[in-house]
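Please walk through this model with me, one element at a time. Keep the sequence and the structure side by side.

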Amino acid sequence: TPEEFAEILKLLAIDERARAEANAEVDREMSMASSDVGAGVTLEKYGRTIVKTPNGEPLSSGSKTQVFWNKAQNPIGGADATSLIMHVGYNEWIRGVEEKFTMRRASGEAQDENNDWWVCDIPVSPTASVLNFVISDADEQSWDNNDKENFRVAVKNVADEDVWAVIRELRFEEKRAAALRAIKEEKERLARRAKEAAKAKQIAIEVGLKQQAFIIYTEPKVPQAGQPLKVFYNKNNTHLNWSQDIHMTGGFNRWTHAGAGEPLKMTPPKEGEEFYTAVVPSVPNDSWMVDFVFSSGIGEGAQYDNRGGRDYHLPVSGGNAKKPPLHVVHIAVEMAPIAKVGGLADVVTAISRAIQDNGHQVEIILPKYQFF
């Protein structure tokens, strides 16, 4: 089917994009592996060593090793800290923070005012040419990022072509899975949003029906497409309260439907009742709204109750047509992020997106500033 074919094309596009991103990422890491990344095996600062490796040599990619960090005279975690966290990435954070490791005080190391060594065990990534890390306390509230330069440790990359080929495929599968997961999450988000919107719409319909029930209501309460509709109208709560006869003019889809009928003379209420009645033989299947006005007669001289120019409208359930989207135009002096001074810019952008998410067309008109 066309829908299935479109889904196949979408999956092919996801594969192609994931492959391109994986190749670009791995190519960059391979380039770093064959060049000098400028990282050392120790860091000297404030007259003392801050970072070191176990044997003073570069780490080896694909191996499990240790990294030492000196907390001396560093307030992070407090003097009585029992654990710290090392946030680790590789190759200048090419993939962000990849792992977190709990650090412990190193045994067998000097402990004095210039030495308070902590250590953690790290399985070094097979693609690594440099190990990047920052330190935080256990609650991740206080951080040491080496004065915004982060900590860097040299890694000797020993991956051969076969290893890189495997990594390339793993990265492709990882990025493809992430893309599919994002699509699934977006579908779930839209489904939740649609469910919430439907619930809110139902509540709004019920409130609207209650608000005008003292003048007009129907059986069934919500008009059903393809079914007859009985309309009840109370003239006593309108300016037609003087008229003995009441006529109902009905239409559909805000008077745009071709199936609008001739005015109907409504049946007067029985003694002790207040509501006039009339029956719409059938609500069209392609309708989404029923429209009404009421009058004292037909033609010249008749007076109308059109709800102050707004008419009476009731939503239809079960129809095969949908209410057409609105074309909304905002005229504003600013809009984030292209022309922003204050909060109005954020409001214009946010409300426009919300309206667009509900299926409507949105345009924004801004002054032609010189920077455009």
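Which residue lies over the face of Trp117? Lys52 does, at 4.4 Å from the ring centre. A charge counts as sitting over a ring if NZ of Lys or CZ of Arg is within 6 Å of the ring centre and within 35 degrees of the ring normal. Arg19 is placed in this way over the face of Phe172, at 3.9 Å from the ring centre.

Some ground rules come next. This is a predicted model, in which local features need pLDDT of at least 70 and side-chain atom pairs count only at pLDDT 80 or more, while totals for chains, interfaces and linings use all residues. Residues are numbered from 1 along each chain as its sequence is written, and side-chain values use heavy atoms, with hydrogens and water left out.

Start with strand E9, residues 130-137. Helices (H or I, at least four residues) and strands (E, at least two) are DSSP runs, numbered from the N terminus. E9 is mostly covered: eight of its eight residues are buried. Buried means under 20% relative accessible area, exposed over 50%, and partly exposed in between, with a 1.4 Å probe and protein chains only. In a regular strand the side chains alternate between the two faces of the sheet. From E9, Val130, Asn132, Val134 and Ser136 point one way. Leu131, Phe133, Ile135 and Asp137 point the other way.

Now look at the neighbours of E9. Two strands pair if DSSP finds at least two bridges between them. Strand E5 (residues 84-90) runs antiparallel to E9, joined by seven bridges. Here Tyr90 has Leu131 as its bridge partner in E9. E11 also pairs with E9 in the antiparallel sense, over four bridges. Leu131 has Val153 as its bridge partner in E11. Strand E10 (residues 143-144) pairs with E9 over two bridges, again antiparallel. In this pairing Ser136 stands opposite Trp143. E9 and E10 form a hairpin with five residues between them. Glu140, in the turn, has a positive phi of about 55°. Further on, Asn150 lies in the loop between E10 and E11. Its phi is near 60°, a positive value in a residue other than glycine.

Is it buried or exposed? Asn132 is buried, with a relative accessible area of 1%. Its side chain makes polar contacts, which are pairs of N or O atoms within 3.5 Å; within protein, one must be able to donate a hydrogen and the other to accept it, and residues adjacent in sequence count only if both atoms are side-chain atoms. The Asn132 side chain reaches the backbone nitrogen of Asn91 at 3.4 Å. A polar atom of that side chain also lies 2.8 Å from the backbone nitrogen of Glu92. Leaving aside neighbours within four places in sequence, Asn132 is in contact (heavy atoms within 4.5 Å) with residues including His87, Trp93 and Phe151.

Aromatic rings come next. The whole structure holds seven aromatic pairs. Rings of Phe, Tyr and Trp (its six-membered ring) pair if their centres lie within 6.5 Å; planes under 30 degrees apart count as stacked, over 60 as edge-to-face and the rest as tilted. Phe133 and Phe151 are stacked, 5.0 Å centre to centre with 20° between the planes. Phe133 lies in E9 and Phe151 in E11 (residues 151-156), so the pair ties together parts that are 18 residues apart in sequence. Tyr369 is partly exposed at 29% relative accessibility, and Phe371 is exposed at 56%. Ring pairs also link Tyr233, Phe292, Phe294 and Tyr312 into a cluster.

Turn to helix H2, residues 161-212. Its expected span is 1.5 Å times one less than its number of residues. For 52 residues that gives 76 Å, and the end C-alpha atoms are 76 Å apart, which agrees. Asp160 caps the N-terminal end: a side-chain oxygen lies 3.2 Å from the backbone nitrogen of Asp162. The buried residues of H2 include Trp164, Phe172 and Leu209. Their cover includes helix H1 (2-33), strand E12 (216-219) and strand E19 (312-315).

Finally, the cis peptide bonds. One joins Glu219 and Pro220, with omega about 0°. Another joins Ala336 and Pro337, also with omega about 0°.
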